[in-house]
Amino acid sequence: MNLSPRQHWIGVLARAQLSELQPHEAALKDVEYQNIRAPEIGMTLVRGRMGGNGAPFNLGEMSVTRCVVRLADGRTGYSYLAGRDKVHAELAALADAHLQGAHPSIWLSDLITALANAQAQRRARKEADTAATKVEFFTLVRGEN
Amino acid sequence: MSTHLLQPAFVDPVLDAQRGFRAALKALAEPGLIQHLPSAPRLDGLAPATYALCLALLDVDTPLWLAPSFDTPLIRANLAFHCGCPLTDKREDAVFALLGEQDLLDLGGFDHGNDRYPDQSCTLLVQLTDLEAGRGLLWRGPGIQAQRRVHVPVPQAFWHERQRREAFPRGLDVLFAAGHHLIGLPRSSRIAEEHA
């Protein structure tokens, strides 16, 4: 799947932890901005496909928080994230707006790369932990003889 | 998408939408009485009351027909963002229609509902400059004890046009909005000239 750079950073911001974003709060809020859509909590329906390619079915509902901000220069930042964290949603939307600016590289290197690395590490650790519990079943004697 | 045109809408989305809905409900329950919407947001080209009605009533299931005078990029962008309502060019498909005073001379094409489902008719949101500057007419019907004198400034042709399309229970419900105020005109109201 090909992701555009913006899709990548919006995903990274959504998966980040609030404690990782909070050190950047002062820098993110160091602009004039207004909430076009103040952080709000809602529900969304999650659909799935059996085996990844069957007929779609309704898996269940999950809570989602979303936010849209606009900076004084007209850039708008969007965020959609799982859970009920309004502070996180606002910071993620602000970060999206900053990343669309003329110099996204500073934000990319400071914020997105660090967040993405941390997420990759967490994922690798979890996969390693899970892999240790993997059980392979095999049959010694089937008792047919 | 023209994101630079977006503006904030309701300050408190839940309560303000409920206030807007309540005002529309009261306006249609008591035809001719002026209802107030003090906390409505502003948008260039739309009166606060009109915009509040749009935000409260429109969503993804309600196709909206926009009169040419309201069809600006600003209004399109903000309705699409905050209401998510589809816009339609065909009057027959519209569940709501946004009109100005000059559009009242021709109400052709809007859905009047059918005898089994009269509720499926199109509701007209009409933006005026004032609600009390017109000629006094006497309104009668459900929601009015005897009769009520209402001064909505609309052209005479509108009343003929409305009467021509009246086939109760089918018909058109109208909400007149100006500034922070609105007046409801359900299909059941009967209008008589004032004999002064």
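What follows is a short chat about a predicted model with chains A and B.

Reader: Before we start, what kind of model is this?
Author: A predicted one.

Reader: OK. How many residues does each chain bring to the contact?
Author: Chain B brings six residues and chain A brings seven.

Reader: And the side of chain B that touches chain A, how does it divide into nonpolar, polar and charged?
Author: Three of its residues are nonpolar and three are polar. No charged residue is on that side.

Reader: Switching to strand 9 of chain B. Where does it run, and how many of its residues are buried?
Author: Strand 9 of chain B spans residues 181-185. Five of its five residues are buried, so the strand is mostly covered.

Reader: Which residues point which way?
Author: His181(B), Ile183(B) and Leu185(B) point one way. Leu182(B) and Gly184(B) point the other way. All of them are buried.

Reader: Which strands pair with strand 9 of chain B?
Author: Strand 1 of chain B, residues 35-36, pairs with strand 9 in the antiparallel sense, over two bridges. Strand 8 of chain B, residues 173-178, also pairs with strand 9 in the antiparallel sense, over five bridges.

Reader: What stands opposite His181(B)?
Author: His36(B) does.

Reader: And which residue is the bridge partner of Leu175(B) in strand 9 of chain B?
Author: Gly184(B) is the partner there.

Reader: What about the hairpin of strands 8 and 9 of chain B: how many residues lie between the strands?
Author: Two. Gly179(B) in that hairpin takes a positive phi near 55°. Most residues other than glycine have a negative phi.

Reader: Where is the cis peptide bond in chain B?
Author: Between Phe168(B) and Pro169(B), with omega at about 5°. Pro169(B) sits in the loop between helix 4 (156-164) and strand 8 of chain B.

Reader: Now the open sheet in chain B. What is the strand order?
Author: The order is 7-6-10, three strands with antiparallel pairing. Strand 7 (148-150) and strand 10 (190-193) of chain B are the edges, each pairing on one side only. Neighbouring strands are turned by 40° against each other on average, direction ignored.

Reader: How many bridges between strand 6 and strand 7 of chain B?
Author: Three, with strand 6 covering residues 137-140. Leu138(B) stands opposite Arg149(B) in strand 7.

Reader: Over to chain A. How many residues in helix 5, and what does it reach?
Author: Helix 5 of chain A, residues 104-132, has 29 residues. From first C-alpha to last, helix 5 reaches 40 Å, close to the 42 Å expected.

Reader: Where is its kink centred?
Author: On Ile112(A), and the kink is about 30°. Ile112(A) is also buried, along with Trp107(A), Leu111(A) and Leu115(A).

Reader: What covers those buried residues of helix 5?
Author: The cover includes helix 1 (5-15), helix 2 (18-21) and helix 4 (86-99) of chain A.

Reader: Last one, Val31(A). Where does it lie?
Author: In the loop between helix 3 (25-28) and strand 1 (33-49) of chain A.

Reader: What is it in contact with, leaving aside neighbours within four places in sequence?
Author: Leu71(A) and Ala72(A).

Reader: And how far apart are Val31(A) and Ala92(A)?
Author: They are 61 residues apart in sequence and 15 Å apart in space, C-alpha to C-alpha.

Terms used. Residues are numbered from 1 along each chain as its sequence is written. Chains are lettered from A and ligands numbered from 1 in the order in which they are written. This is a predicted model: local features need pLDDT of at least 70, side-chain atom pairs count only at pLDDT 80 or more; totals for chains, interfaces and linings use all residues. Two residues are in contact if their C-beta atoms, placed from the backbone, lie within 7 Å. Ala, Val, Leu, Ile, Met, Phe, Trp, Tyr, Cys and Pro count as nonpolar, Asp, Glu, Lys and Arg as charged, and the others, Gly among them, as polar. A residue is buried if 20 or more other C-beta atoms lie within 10 Å of its own, exposed if 12 or fewer, and partly exposed in between; C-beta atoms are placed from the backbone. Helices (H or I, at least four residues) and strands (E, at least two) are DSSP runs, numbered from the N terminus. Two strands pair if DSSP finds at least two bridges between them. The expected span of a helix is 1.5 Å times one less than its number of residues. The bend at a residue is the angle between axes fitted to the seven residues ending there and the seven starting there. Axes are lines fitted to C-alpha atoms, for helices over the stretch in contact, and angles run from 0 to 180 degrees between N-to-C directions.
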